[in-house]
Amino acid sequence: MSERVSNRVFDSVNMILLAVFVLLCLAPFFHIIAISFSSNRAVTSGEVTLFPVEFSLQAYQSVFSDSSMIRSLGFTIMLTLLTTVLCMVMTMIAAYPLTKKKLKGRKVFMFIIIVTMFFSGGIIPEYILVKDLNLLNTIWSLVLPGLISPFYLIILISFFNGIPESLEEAAEIDGTSQIGTMLRIILPLSLPVIATLSLFYAVGRWNGFQDTLLYITKEELYPLQLKLYQLVQNNMITDLTRNEGPAAGVRATTESLKAASVVFATVPILVVYPWLQRYFVSGVMLGAVKG
């Protein structure tokens, strides 16, 4: 009886600690949402905490009326989808052959891949390479440099190594080619880890803006995170608050617009997560444990 009581106490304490931790993680996001829905006066006076004060949709009206924000959202969605698909295709194409022990130079390739996790040429050589390839001010400058992540590649290799070789041997006996085996046998069995890595690639691309600062000068190729960076870091409001009134009013509107822009840039990627959440834990653990 005492052991059962101690287990219940332990579970209760864990639940309380986890609930507190979750609330601490969510509090900043709720604060930003509250600011985005609050009036200028409430934001300026510091009355907003976790709930909106003097509810207002003015900031969101300004964001959605700005054509450049909508264009950046559409471009970011397209860029994220393109990057995620290409990254997963290239990662699978690289990972599957590296699971074959009969592949000549396999250990050399793995050593080179692991080295790239710790050492890189740096930003300047990378910029020169992109420039010499005539990729500046193109969408490919945001896609090709980070096409394969060595860490994700190793996770996928570990998962592939855990798939029984008898399945591949049976497919070969039936006359299936290596590509056919990968598409018909390996791919369906790898959906959890593929979904998980796709989420990692998508979130990384969605939140990326540093490469855009280096390679892009055309405003039509600005992703959403770069516009958010400009808004928050440089206090750039452009046409959204150009005619808003006195300086104090502009400053208050600026804070609301910053918060609304953060929510506008965050919600789309959050919507994707519930669809992949069921694969998330199992995909990471399978890729980490097997092999």
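Tutor: Gladly! Of the 291 residues of the protein chain, 36% count as buried. This is a predicted model, where local features need pLDDT of at least 70 and side-chain atom pairs count only at pLDDT 80 or more, while totals for chains, interfaces and linings use all residues. Residues are numbered from 1 along each chain as its sequence is written, and side-chain values use heavy atoms, with hydrogens and water left out.

Student: What makes Lys227 count as buried?

Tutor: Buried means under 20% relative accessible area, exposed means over 50%, and partly exposed lies in between (1.4 Å probe, protein chains only). Lys227 has 14% relative accessibility, so Lys227 counts as buried.

Student: And why is Glu219 called partly exposed?

Tutor: Its relative accessibility is 41%, so Glu219 falls in the partly exposed class.

Student: What kind of link do the side chains of Lys227 and Glu219 meet in?

Tutor: A salt bridge, at 3.9 Å from N to O. The term asks for a side-chain nitrogen of Lys or Arg within 4 Å of a carboxyl oxygen of Asp or Glu, so the pair of Lys227 and Glu219 qualifies.

Student: How many salt bridges does the structure hold?

Tutor: There are 2. Arg205 and Asp211 also meet through their side chains, at 2.7 Å from N to O, and both of these residues are buried.

Student: Why are helices H9 and H10 called roughly perpendicular?

Tutor: Helix H9 (residues 178–189) and helix H10 (residues 191–207) pack at an angle of about 70 degrees, with their axes 5 Å apart. Angles under 35 degrees count as roughly parallel, over 145 as roughly antiparallel, 65 to 115 as roughly perpendicular and the rest as oblique. H9 and H10 are therefore roughly perpendicular to each other. By class, their contact has 6 nonpolar, no polar and no charged residues.

Student: Which value of Asn134 stands out, and where is Asn134 found?

Tutor: Phi of Asn134 is near 60 degrees, a positive value in a residue other than glycine. Asn134 is found in the loop between helix H6 (123–132) and helix H7 (150–161).

Student: Why is Asn134 called exposed?

Tutor: Its relative accessible area is 64%, so Asn134 belongs to the exposed class.

Conventions
Axes fitted to C-alpha atoms, helices over the stretch in contact; angles between N-to-C directions. Helix = DSSP H or I, 4+ residues; strand = E, 2+ residues; numbered from the N terminus. Nonpolar A, V, L, I, M, F, W, Y, C, P; charged D, E, K, R; others polar.
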